[in-house]
Amino acid sequence: MAGDIFPSLTNILAPHGPPVSAKLLSFAPGDYSIHFFLQLALIVLACRGVGWFCRKFLAQPQVVGEMIAGVILGPSLFGVVAPDLQAMIFPRETNNVLYAGAQFGVALYMFLVGLTLRLDHFQSKARNAAMVSGAGLFAPFVIAILITPWLVTVPGLFAEGIGQGSATLFMGACIALTAFPMLARIINERGLADSPLGTLSLTAGAFDDAASWCVLAVVLALFGGGSGVAVLAIVGAFLYVGFLLLFGRRLLAPLGRAVEAQGEMSMTVLAITLALFCLSAFIMDAIGIHGIFGGFILGVFMPRGLFVEELRKKVEPLAVVILLPMFFTYSGLNTRLDMVNSLSFLLIALGILVASILAKFGACYAAARLSGEDNRTALGIGALMNSRGLMELIIINIGIQKGIIEPALFSMLVLMAIVTTMMAGPLFEIVYGRRARAEGELGRLGAAA
């Protein structure tokens, strides 16, 4: 095992493949630039437009509209209506550029979310968050153990040769995921960022996602990546978080004092902060977890007060309006909703959807009640934790790229991700939000959009 860890470390900056298929004529640097600016213009307009429509007519938060906009710009709609035009605007050669921008955008947004995490709420809700998170992991893996042996026997779902153990772990990770970036935006947009419920849900969701990524690392190791992949991911994450717990606030405190002394954030402090953010995202990406957790974890330990106010004022508009929509669009470009094309596959997709909702919503609700939360709060937690969104799309894209699942199962899991994400906001409003707003516990809906 130790022999596998050293190659994993030394290969961090090596190509990870597979390469994008090349055409007869290669793209020059100027070609990437031309496509990028046109793509970005369409992405921003589509995300804001569809987001506005979803807020106004469908009672969905802006983030859900942006997720739908990403799918619209991909092969599922734009590629069906105007395939030649869609391929011309979004050629495969430019996907890598869009991917880098997408990862930067979502990691930067999660860095900002980490800045708003109330550690006093976390400390007061640590036991409850642990129970909710544990249930949100345990129940999905029980469901995966029950359904995967049958799914493996259905042609066209899992790749040939994959073991039942690896398939079960992969399905468990997919069902256990909570859409951490989506959850963060829903919580912000619905006025929950400073509430104990929001902090509990974010904390439990972060742990569930981190655990799911660790399970994915194990699956990749079992499927041919080597044990070093799993060891590097899990041990590296614990070491990094432990380092920040012991030394993070002390080392980062001078940044906060500099802002307080000047009364504003200088360009030098901003540059140092963004460099630290990029380094943190790199560390988590390099060890095999995901860059967004590097951003979020660093944000948790950054100074508070004026530092946070100044940083959000300078960075948040760019992150939310331009960079984050790239994340949704990149995933949408890899989504095909026309793959579930038979009655048997539709029934399987429906079964996976129902099982996933029962496992995540039901288990998190039950755990919240057992930990002492009232019925309304427990229902709200269950509704939020059931959202899977684009984190699901990321993990299943890895699954299909690594040859673990086939396009049909990929599409079923896409449908599950979309439905559970779209139901999260309205269900939350029904079970918690409406009454809380009427009683003045939460602000006006949509104020953050």
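## How two helices cross

How are α2 and α15 oriented relative to each other? Keep that question in mind while we look around this predicted model. Helices α2 and α15 pack with their axes 9 Å apart, at an angle of about 95°. Angles of 65 to 115 degrees count as roughly perpendicular, so α2 and α15 are roughly perpendicular to each other. In general, a pair of packed helices is described by the angle between their axes and the distance between those axes.

Which residues of α2 meet α15? On the α2 side they are Phe36, Leu40, Ile43, Val44 and Cys47. Their partners in α15 are Val321, Ile322, Pro325, Met326 and Thr329. The residues of this contact between α2 and α15 divide into nine nonpolar, one polar and no charged.

## The whole chain

Of the 449 residues in the chain, 53% are buried.

Contacts across the sequence are also worth a look. Among contacts between residues at least 6 apart in sequence, 81% join residues that are at least 24 apart.

## A closer look at α2

Helix α2 covers residues 29-57, which is 29 residues. From its first C-alpha to its last, α2 reaches 42 Å, close to the 42 Å expected at 1.5 Å a residue.

Several residues of α2 are buried, including His35, Gln39, Val50, Gly51 and Cys54. Leu40, Ile43, Val44 and Cys47 are buried too, and these four also take part in the meeting with α15. The buried residues of α2 pack against α3 (62-73), α5 (83-89), α6 (95-116) and α15 (306-333). After α2 comes Ala59, whose phi is positive, near 55°.

Helix α3 is mostly covered, with 10 of its 12 residues buried. Among them are Gln62, Val63, Val64, Glu66, Met67 and Leu73.

## A buried serine in a loop

Finally, visit Ser371, which lies in the loop between α16 (343-370) and α17 (375-385). Is Ser371 buried or exposed? Its relative accessibility is 8%, so Ser371 counts as buried, since the cut-off for buried is under 20%. Leaving aside residues up to four places away in sequence, Ser371 touches Arg127, Asn128 and Met131.

Key: Residues numbered from 1 in each chain as written. Predicted model: local features only at pLDDT ≥ 70, side-chain atom pairs only at ≥ 80, totals over all residues. Heavy atoms only, no water. Expected span 1.5 Å × (residues − 1). Buried < 20%, exposed > 50% of the residue type's maximum accessible area, 1.4 Å probe, protein only. Contact = heavy atoms within 4.5 Å. Axes fitted to C-alpha atoms, helices over the stretch in contact; angles between N-to-C directions. Parallel < 35°, antiparallel > 145°, perpendicular 65-115°, else oblique. Nonpolar A, V, L, I, M, F, W, Y, C, P; charged D, E, K, R; others polar.
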